[in-house]
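Here are my notes on the model you sent over. Have the structure open while you read, and take the points one at a time.

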Amino acid sequence: MAQLAVRGKQVPHLVAVLVGNNGASETYVASKVKACEEVGFKSTLIRLEDSISSLKLLDIIAELNTDPDVDGILVQLPLPEHISADEVINAIDPNKDVDGFHPNNVGRMVLGQPSFIPATPYGIMLLLEHYKVETRGRHAVVVGRSHIVGRPMSILLSGNGNPGNATVTICHSHTKNVKEICLTADIIIAALGRPNFITADMVKEGAAIIDVGITRVPDTSKKSGYKITGDVDFETVAPKCSYITPVPGGVGPMTIAALMKNTFKACALKHYYDEKESV
Ligand code: NAP
């Protein structure tokens, strides 16, 4: 990135908006800001009071949308109850929507068109690609159907690409036989936020397991008073599978890496496009 600055190029600038004092959100935003520092991006953290009005927040986003110095905007979720997350996401310029949550980007992703892909599923796709985990023709089970993880993950895995071309089953809280479905999976993406939900008796020998879960579980032996726990019972599941991601240290860092890639892409599309810089 320093080289970009030396060559007179715009250095990518990410703006993170944090509303309120949610402990987990503070941690996530801090790690995104730190990652920007590490890769040499500019970052700005806008902290707002819990009590901010929806209108005021929308005003701030409108300003960021038109600020030529800003390449990427992310609004850390969840937002306070009096603010509609949909309304806020819809207000972000799709070309600066590095979280990939705007309906334009979601629609483009579904159609297989170039778009910003939500960071967590994008990071998982990069992981599968890097480790050459075969997805074509395989049965992938995604547990969880949220807009930010499970749903986009199911779309990407079933898409006509590599990784992709998997046969995908998506499970949610109304699914009756999650265990039986998981037992038929070559790949399990666990994204439900229930600590240690996926146990060894739910996993086929040789399956690849991606654990997205991050839950703070009380632990008096830790200074913080909690430990971060995934959705997979790592100790019992690991001996059965071909691949497994740890928590912490697996999907989390890949999510951050994917966000950095999206931020670079947003900057490159805006500033370097004419010069055909690779994105
Ligand atoms: P979410 O919005 O709460 O969605 C959870 C999903 O899991 C819902 O679709 C829910 O079904 C489903 N579910 C809940 N209990 C279930 C059960 N017993 N059986 C089957 N499905 C069940 O959560 P999220 O935002 O997707 O996050 C999921 C987890 O990933 C959380 O622990 C979160 O902290 C973590 N996360 C990690 C990263 C990362 O970077 N590593 C990024 C984002 C999220 P319904 O739709 O029917 O309610």
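1. A polar contact here is a pair of N or O atoms within 3.5 Å; within protein, one must be able to donate a hydrogen and the other to accept it, and residues adjacent in sequence count only if both atoms are side-chain atoms. Keep in mind that this is a predicted model, where local features need pLDDT of at least 70 and side-chain atom pairs count only at pLDDT 80 or more, while totals for chains, interfaces and linings use all residues. Residues are numbered from 1 along each chain as its sequence is written, and side-chain values use heavy atoms, with hydrogens and water left out.

2. A backbone N or O atom of H172 sits 3.4 Å from a ligand nitrogen. For S173, a side-chain N or O atom is 2.5 Å from an oxygen atom of the ligand. R194 puts a polar side-chain atom 3.5 Å from a ligand nitrogen. On its own the ligand exposes 930 Å², and the protein buries 72% of that (areas by the Shrake-Rupley method with a 1.4 Å probe).

3. Which residues come nearest to the ligand? They are R145, S146, S173, I214 and T255, out of 22 around it (a residue is near if one of its heavy atoms lies within 4 Å). Sorted by class, this shell holds 9 nonpolar, 11 polar and 2 charged residues. Here Ala, Val, Leu, Ile, Met, Phe, Trp, Tyr, Cys and Pro count as nonpolar, Asp, Glu, Lys and Arg as charged, and the others, Gly among them, as polar. Helix 10 (residues 251-271) gives the largest share, 3 residues.

4. On to the sheet: 5 strands make an open, parallel sheet in the order 5-4-6-7-10. Strand 5 (167-171) and strand 10 (243-244) are the edges, each pairing on one side only. Strand 4 (residues 139-143) runs parallel to strand 6 (residues 187-190), with 4 bridges, and V143 stands opposite A190. Two strands pair if DSSP finds at least two bridges between them; helices (H or I, at least four residues) and strands (E, at least two) are DSSP runs, numbered from the N terminus.

5. Finally, check the loops. A cis peptide bond, omega about 0°, joins N162 and P163, and P163 is in the loop between helix 7 (150-158) and strand 5. N165 is found in that loop between helix 7 and strand 5 too, with a positive phi near 55° although N165 is not a glycine. V247 and P248 are also joined by a cis peptide bond; P248 lies in the loop between strand 10 and helix 10.
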